[in-house]
Amino acid sequence: MRRIAVVEGDGIGKEVIPVAQEALELLHPEYYFFPVDVGYGRWEKTGCPCADRDIAELKTADAVLFGAVTTPPMKDYQSVILRIRKALDLYANLRPVRGPGFDFTIVRENTEGLYSGIEETSEERATTLRVVTRHGTERIVRKAIQITRQRKGTLTIGHKANVLRSDVFFRSICIAEALSAGIRYKERFIDALALDILVHPKDYDVVVTTNIFGDILSDVASFLVGGLGLVPSANIGENHALFEPVHGSAPDIAGKDIANPVAALRCAGMLCSHFGDPCGEKEIEDAIQATLSCGVKTRDLGGTAGTKAFGNAVISRLGTGRPH
Ligand code: NAD
């Protein structure tokens with residue numbers, strides 16, 4: 001039996017994750033789900049956004065289905081999702097972006113770089129240390145190479161080695177690994193890449209990059225498919241896996257039943273594939289496409305369907321004829 005920890009988190013996480021969970025319950029009635037309450041709402045209630053015992057509980061799960069958490073710009077507030085990614089050593093953040101004529105995956109380093117959490121603030125100056133290690137770079141580029149091989153594609157290394165020494169280091173390790181693996185690769189400066197991926201998306205297969213660049217690049221790339229409500233991600237480590245939409249808690253639309261649950265549903269699909277059921281992922285994607293083709297769309301895509309109505313329309317198309 002697979003044990004799935006469900007973190008709805010804050011804002012629209014509480015609206016889109018129940019849709020994704022329902023899809024999984026339908027496709028996999030044998031999965032066991034248990035909730036874990038972390039995030040800003042929890043901090044407001046208890047003064048603690050995420051306790052050590054929550055991390056311990058997440059570690060007992062075979063996978064985590066995660067919504068989004070609000071991170072207020074407060075000096076002493078530690079980002080819950082960054083803490084979880086580090087604690088579970090979820091070093092690879094895989095962000096697939098698929099649309100007509102293009103299909104690429106951004107492989108973002110997830111535990112170091114500018115999000116290493118080594119920071120100092122004084123009256124006159126604030127610093128954030130960008131840490132790029134050999135270990136961190138080797139394992140992320142090896143993961144990217146593995147995906148590139150599966151896809152028989154080309155690896156693009158995204159960096160800013162013309163300016164940052166830490167990226168000279170990142171680039172040289174990536175190139176050495178790509179050469180020794182014998183795969184095709186190219187490199188792009190990350191700023192130029194951010195534009196080119198929008199103009200020529202079909203030229204990309206797998207893009208490997210550092211933490212903040214991958215974070216920004218995937219939000220930019222979501223433009224190609226209709227926005228943040230559509231793009232899922234998998235956070236993968238050696239021993240743990242967490243699936244979360246690329247979007248955040250979207251406080252501007254939270255509680256209004258207008259959030260698009262497609263990214264969360266696609267997370268459910270990625271979770272199925274992670275557990276060896278690619279048919280489950282395909283079934284969810286087919287149901288999403290069938291729903292959209294009938295003109296049932298949420299507001300961000302120009303439609304009028306609410307989160308629940310759209311979710312129900314997708315879910316009503318699932319699970320027919322699957323042997324359990
Ligand atoms: P956001 O992704 O929450 O929202 C950006 C814009 O996209 C908003 O206008 C929002 O309404 C829209 N949007 C996002 N998801 C949508 C959906 N499913 N359907 C329709 N529209 C959608 O980013 P933000 O506004 O920069 O951040 C809000 C909060 O979320 C912040 O506290 C931030 O720290 C947090 N955040 C958390 C995560 C995470 O938990 N992994 C990721 C990103 C941001």
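**Salt bridges across the predicted fold**

Arg 98, Asp 103, Arg 151 and Asp 205 are joined in a network of salt bridges (a salt bridge being a side-chain nitrogen of Lys or Arg within 4 Å of a carboxyl oxygen of Asp or Glu). The model is a predicted one, in which local features need pLDDT of at least 70 and side-chain atom pairs count only at pLDDT 80 or more, while totals for chains, interfaces and linings use all residues. Residues are numbered from 1 along each chain as its sequence is written, and side-chain values use heavy atoms, with hydrogens and water left out.

Over the whole structure, the search finds 19 salt bridges. One of them pairs Arg 42 with Asp 54, with 2.8 Å between the closest N and O atoms. This pair links distant parts of the chain, Arg 42 sitting in helix 2 (residues 40-46) and Asp 54 in helix 3 (residues 52-60), 12 residues apart; helices (H or I, at least four residues) and strands (E, at least two) are DSSP runs numbered from the N terminus. Both Arg 42 and Asp 54 are buried (buried means under 20% relative accessible area, exposed over 50%, and partly exposed in between, with a 1.4 Å probe and protein chains only).

Another salt bridge brings together the side chains of Asp 89 and Arg 139 (2.8 Å, N to O). Asp 89 lies in the loop between helix 4 (80-87) and strand 4 (92-99) and Arg 139 in helix 5 (residues 134-151), so the pair ties together parts 50 residues apart in sequence. Asp 89 is partly exposed at 31% relative accessibility, whereas Arg 139 is buried at 15%.

Helix 5 also contributes Arg 142, which is linked to Glu 177 in helix 6 (residues 165-181), 35 residues apart. The side chains of Arg 142 and Glu 177 meet at 3.0 Å, N to O. Arg 142 is partly exposed, at 44% relative accessibility, and Glu 177 is buried, at 14%.
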